[in-house]
Amino acid sequence: MYAIVRAGGRQHKVAVGDVLEIDRIDAKPGDSVELSTILVVDGESITSDPWVLGGVKAHAEVVDQTKGDKIVILRYKNKTGYRRRQGHRQKHTAVRITSIDSVSK
């Protein structure tokens with residue numbers, strides 16, 4: 001069983017036990033969060049109806065709060081090396097999927 005969840009403007013394919021990085025949410029490590037599902041694939045059926053999936057959530061546990069890598073820009077200039085770090089470090093939250101609600105008909 002797996003699901004497609006929406007988190008931070010992106011969609012991720014998740015199964016129970018997966019660890020994924022999403023955009024930062026206000027939660028401490030050890031807290032539990034719910035992610036809304038867009039599609040649920042069971043061994044027997046595929047459910048994508050928003051009316052049925054309204055109450056189906058993917059439950060996750062916050063593992064860590066991290067930052068992404070700095071953006072490194074390399075430019076070539078004649079007879080000189082040019083290396084510059086530019087941009088910001090995006091904040092991420094690592095979550096572990098603990099369970100996915102089943103679709104009851």
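Visitor: What share of the 105 residues in the protein chain is buried?
Guide: The model is predicted: local features need pLDDT of at least 70, side-chain atom pairs count only at pLDDT 80 or more, and totals for chains, interfaces and linings use all residues. Residues are numbered from 1 along each chain as its sequence is written, and side-chain values use heavy atoms, leaving out hydrogens and water. Buried stands for under 20% relative accessible area, exposed for over 50%, and partly exposed for what lies between (1.4 Å probe, protein chains only). In this chain of 105 residues, the buried part is 26%.

Visitor: How many strands does the protein chain have?
Guide: Helices (H or I, at least four residues) and strands (E, at least two) are DSSP runs, numbered from the N terminus. The protein chain has zero helices, and its elements from the N terminus on run β-β-β-β-β-β-β-β-β. The number of strands is nine.

Visitor: Which residue in β9 is the bridge partner of glutamate 21?
Guide: Two strands pair if DSSP finds at least two bridges between them. Glutamate 21 has as its bridge partner in β9 alanine 94.

Visitor: Which side chain makes a polar contact with the side chain of threonine 93?
Guide: Threonine 93 is in strand β9 and counts as buried, at 0% relative accessibility. A contact means heavy atoms within 4.5 Å; beyond its neighbours within four places in sequence, threonine 93 touches residues including Leu20, Ile22, Val62 and Gln65. A polar contact is a pair of N or O atoms within 3.5 Å; within protein, one must be able to donate a hydrogen and the other to accept it, and residues adjacent in sequence count only if both atoms are side-chain atoms. At 2.8 Å, the partner of threonine 93 is the side chain of glutamine 65.

Visitor: Is valine 16 buried or exposed?
Guide: Valine 16 is found in the loop between β2 (10-14) and β3. Setting aside neighbours within four places in sequence, valine 16 is in contact with Ile97, Thr98, Ser99 and Ile100, and its C-alpha atom is separated by 5.2 Å from that of isoleucine 97, 81 residues apart along the chain. Because its relative accessible area is 53%, valine 16 is exposed.

Visitor: How far from the ring centre of tyrosine 2 is lysine 13?
Guide: β1 and β2 pair in the antiparallel sense over five bridges, and lysine 13 in β2 is the bridge partner of isoleucine 4. A charge sits over a ring if NZ of Lys or CZ of Arg is within 6 Å of the ring centre and within 35 degrees of the ring normal. Lysine 13 lies over the face of tyrosine 2, and its distance from the ring centre is 4.4 Å.
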